[in-house]
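This report is meant for a reader who is meeting the structure for the first time. Please keep the sequence and the 3D view at hand while reading.

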Amino acid sequence: MHLGMVIDLKRCVGCQACTIACKSENGTPPEVLFTKVLEQVAGEYPIVKKKFIPVLCNHCEDAPCVRVCPTGATQKREDGIVLVDHQKCIGCRACYVACPYKNRIFLKKGSLKKGYFGKQLTPFEQVKYPKWQEGVVVKCTFCVERVDQGLDPACVQTCPADARIFGDLSNPESKVSRLIRQRGGYQPLSEDNTEPSVYYLE
Amino acid sequence: MTKSMPLVGSEFVSGFRLQTEWATLIAAAFFFGKIGAGLFLMSLFTGSWLGALLGLLIVLIGKGGAHLLYLGRPERFWRGLTKPGTSWVARGFWAMLIMTVAGAIFLALPAGSAGWWTAGLIAGLSAFIVAIYDGFLLNASPSIPLWNTAMMPVLCLFYSLLGGTSLTLFLINFGLASVTIQEVFLSNMEIVLLITNLIVVGLYLISMTHATAAAKESLRLLVRGTYALPFYSLAIGVGLVFTLLMAYFVGAAGGPGVVGLITAADLVGHYFIFFLLLRVGVYKPVLGQLTI
């Protein structure tokens, strides 16, 4: 099995529901976003074109972050999900710099001491924050806890336009494989040979 | 692409993205690693016991300290030794460790003994790795095209040798070290290394003019943008041109004060060139340019 995601750029409406769903699912501190939707604009008024580009960890097959990690904290599971073991991470940020997609986040010292509403953590934050550690690198896990239960990642489930599709890339009959084949799905920065597990459809 | 794609920060806009994580402390660690290893190598070459000791201390305290200060979890630093098979961070850490241990044995043993030769050889080889591994570390990932070039280890090696030569001359002129080779040879070597470094920096920058759009954006920031002033004044002006002119026209004949000034100028330039190369690192946009 090789889990991956297809993002249909024609469907994305830039609502950031995936961004919020991810934050809600993972309970990440302020300024920590595992996924977000970027905007890209071309042309000048009145001839203007705008595109929304959802970005997240690409869970690359040949992930530079796995290669450069000096401690083995960043590892790839058999199903292709790249995870960071917070207990092993020393916070050297070699992975952060090596990721061509800049989809890793360093949890600075003090980032877990204050929440969205000042120094007092909300009950939600009190429940969610203990799973994080300061001084380590964090990133999207494809919502591994949900995936292990047979569910889709939170961003996929939430997307109102069905722009994100999650599935098994190694199965030629899966929806993701068919979409890639039929619509010419392409990987971001494919020239870097990292073999991302996230594909985009134009 | 360079003209229309913006340079973005944390805003939700697609474009070139500036590297922000590796800056002052990592530049300091690279700096201390290179000058410490360079001084150690030059001290092996010139037979300076004090120089070798200082080189070791600069690597251990300067480089090691800067790395520890930078780590998010310094108490787990030993885990950084775990994966030398694929990680240049781990390889550099191992090289530093071996250099420190072998170097300490080399300094402790009587000169000329078999153990002294062996420890010196091992320490010298590991010092060479400490001097250049930063270049391989930066070169290893395709993420930042400015760094993803074979010129990086070359740049590190020549800067390390230059730093080592300048510091050795400094120690000699301040009466802190006696060496087995003539000082004039070292002075000439410093001039040759300064010219070589100017050429290597020039070639490196020229190679970037034919690189990807992100590398060109980095180059723009360095030579025409925000970082142009410190680049021309500190990294090139003070670090290479002023140092070269002083070393060529005055040199050791000017006395310890001039040698001290040359050394200080060289070190300032050395720190700033790598600091600036780190600061202007730019990531490529995730997807290509949007067209109408």
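## Helices 2 and 4 of chain B

In this predicted model, helix 2 of chain B meets helix 4 of chain B through B:Val59, B:Lys63 and B:His67 on the side of helix 2, and through B:Val130, B:Tyr133 and B:Asp134 on the side of helix 4. The residues of this contact divide into 3 nonpolar, 1 polar and 2 charged.

Helix 2 covers residues 49–70 of chain B and helix 4 covers residues 114–139, and the two pack at an angle of about 25 degrees with their axes 13 Å apart. Because angles under 35 degrees count as roughly parallel, helix 2 of chain B is roughly parallel to helix 4 of chain B. The crossing of these two helices is left-handed.

## Helices 6 and 7 of chain B

Helix 6 (residues 183–209) and helix 7 (residues 213–223) of chain B pack at an angle of about 130 degrees, and their axes are 8 Å apart. The two helices are therefore oblique to each other, and their crossing is left-handed.

From helix 6 of chain B, the residues B:Leu205, B:Met208 and B:Thr209 take part in the contact, where they meet B:Ala215, B:Lys216, B:Leu219, B:Leu222 and B:Val223 of helix 7 of chain B. By residue type, this contact divides into 6 nonpolar, 1 polar and 1 charged.

## Strands in chains A and B

In chain A, strand 2 (residues 36–44) and strand 3 (residues 47–55) run antiparallel and are joined by 9 bridges. A hairpin of 2 residues connects strand 2 of chain A to strand 3 of chain A, and A:Val37 has A:Pro54 in strand 3 as its bridge partner.

Chain B holds an open sheet of 3 strands in the order 1-2-3, with mixed pairing. Strand 1 (7–8) and strand 3 (282–283) of chain B stand at the edges with a single partner strand each, so one side of each has no neighbour in the sheet. Strand 1 of chain B pairs with strand 2 (residues 16–18) of chain B in the parallel sense over 2 bridges, and B:Leu7 has B:Phe16 in strand 2 as its bridge partner.

## Aromatic pairs

Over all chains, the structure holds 20 aromatic pairs. One of them is formed by B:Phe31 and B:Tyr271, whose ring centres are 5.8 Å apart and whose planes stand at 85 degrees, so the pair is edge-to-face. This pair links distant parts of the chain, since B:Phe31 lies in helix 1 (residues 24–46) of chain B and B:Tyr271 in helix 9 (residues 256–279) of chain B, 240 residues apart.

Methods
Residues numbered from 1 in each chain as written. Chains lettered and ligands numbered in written order. Predicted model: local features only at pLDDT ≥ 70, side-chain atom pairs only at ≥ 80, totals over all residues. Heavy atoms only, no water. Axes fitted to C-alpha atoms, helices over the stretch in contact; angles between N-to-C directions. Helix = DSSP H or I, 4+ residues; strand = E, 2+ residues; numbered from the N terminus. Parallel < 35°, antiparallel > 145°, perpendicular 65-115°, else oblique. Left-handed = near helix turned anticlockwise from the far one by under 90°. Contact = heavy atoms within 4.5 Å. Nonpolar A, V, L, I, M, F, W, Y, C, P; charged D, E, K, R; others polar. Pairing = 2+ DSSP bridges. Phe/Tyr/Trp six-rings, centres within 6.5 Å; stacked < 30°, edge-to-face > 60°.
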